[in-house]
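Subject: Structure handover

Hello,

Here is the structure for your set. My notes come after it.

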Amino acid sequence: MKKLRYFCETALVASAAWLLPRLPRSVILALARGIGSVAYCLDARGRKTALENLRVAFGNQYTLAERRGIARRSYQVFARTFLDLFWSSALTPETWQEHVSIILHDPQAEAQARETGGVWVTPHFGNFEFVSLVWGFRGVPFTVVAQDFKNPSLTAIFKKLREHSGHNVISQENAMLKLMKALKRKGHAGLLTDLNIPPGKASTAIRCFGLLTCVPTLHVQLAKRLELSLMTGVARPLPDGRCEVSIFEALQPKPEDDVTALTQHVWDTFEKAIREHPECWLWMYKHWRYLPGQEPDPAYPDYAKPSRKFMKMLAEMAAARAGNAG
């Protein structure tokens, strides 16, 4: 049964990889709206998670009807991101600029990153797959960490799609070592920063929409250790089918800088963009898995659970702050 399932999955995805780049842009946008709306209606668990996340993030800022509208559009944006990953294999170094506009808030910072290498980060916001490909066309090939599928054939298909503009996609195994080797050669790393991961050496607790969550620190650790530029940005899908990429600021972490403070600073930049365009974030993902205490807290989503490791992390961070203050 597993072989049959893998065969069907591969055939379906390979067909999409062949067909979608041949479709007009208007058809891709219509498909994204339709698939996103259907997914919103059928995915009861994800829809519930999205509405809970919107409730705790914005409180009474939006009515229930407005939160439902944002959640539906979030599904549509994610569908467009997924379809565009396939469709963008039709782009070339000569044609990509027809579909993307770029706003560089500090052009000199990008020039420096090109010279020395850099760590480029974004959240699951808007068309994050598209912006990655664009930077490859612009002569900044990334080393990108991607999770392997259980079906090896799917891994190969998605690897080819993501490497279309010159990137190098690597597995999560020994990813830190591989990224450091690439960056030491004045390369570039592209990372997503808003995953909610278990407490440990590779994570820290920050405030996300005022709520504590546990996120990775790999982007900060790499930039600190190698003294490279930490470039932040987002890609917002536009109604006409184009994508607006904004590169905000370039941080220059030093070895003595505090990891948690830098991680919080990066997130605050992204949160501002999400508040301005909430439909662009992946609200159906469980962003707050851990409660900061033992008792249920209505300020957190109903899926959040107590975690001894998370509470231990918070206690250690508080003790460290108290020690530094003393």
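The notes below cover the pockets, then one serine.

This is a predicted model, in which local features need pLDDT of at least 70 and side-chain atom pairs count only at pLDDT 80 or more, while totals for chains, interfaces and linings use all residues. Residues are numbered from 1 along each chain as its sequence is written, and side-chain values use heavy atoms, with hydrogens and water left out.

Pockets
The largest pocket holds about 1700 Å³ of space. A pocket here is an open set of points on a 1 Å grid over the protein atoms alone, where a 1.4 Å probe fits, with protein on both sides within 12 Å along at least five of seven lines; lining residues have an atom within 4 Å of a point. Volume is the space filled by probe spheres set on the points, which are joined across faces, edges and corners. Of its 48 lining residues, His124, Val145, Ala146, Leu192 and Leu195 are the closest to the centre of the largest pocket.

The second largest pocket has a volume of about 460 Å³. It is lined by 21 residues, and those closest to its centre are Thr204, Thr260, Met313, Met317 and Arg321.

Ser229
Ser229 counts as buried because its relative accessibility is 1%, where buried means under 20% relative accessible area (1.4 Å probe, protein chains only). Its contacts (heavy atoms within 4.5 Å), leaving out residues up to four places away in sequence, are Gln112, Ala113, Gly117, Gly118, Val119, Leu251 and Gln252.

Regards

Conventions
Buried means under 20% relative accessible area, exposed over 50%, partly exposed in between (1.4 Å probe, protein chains only).
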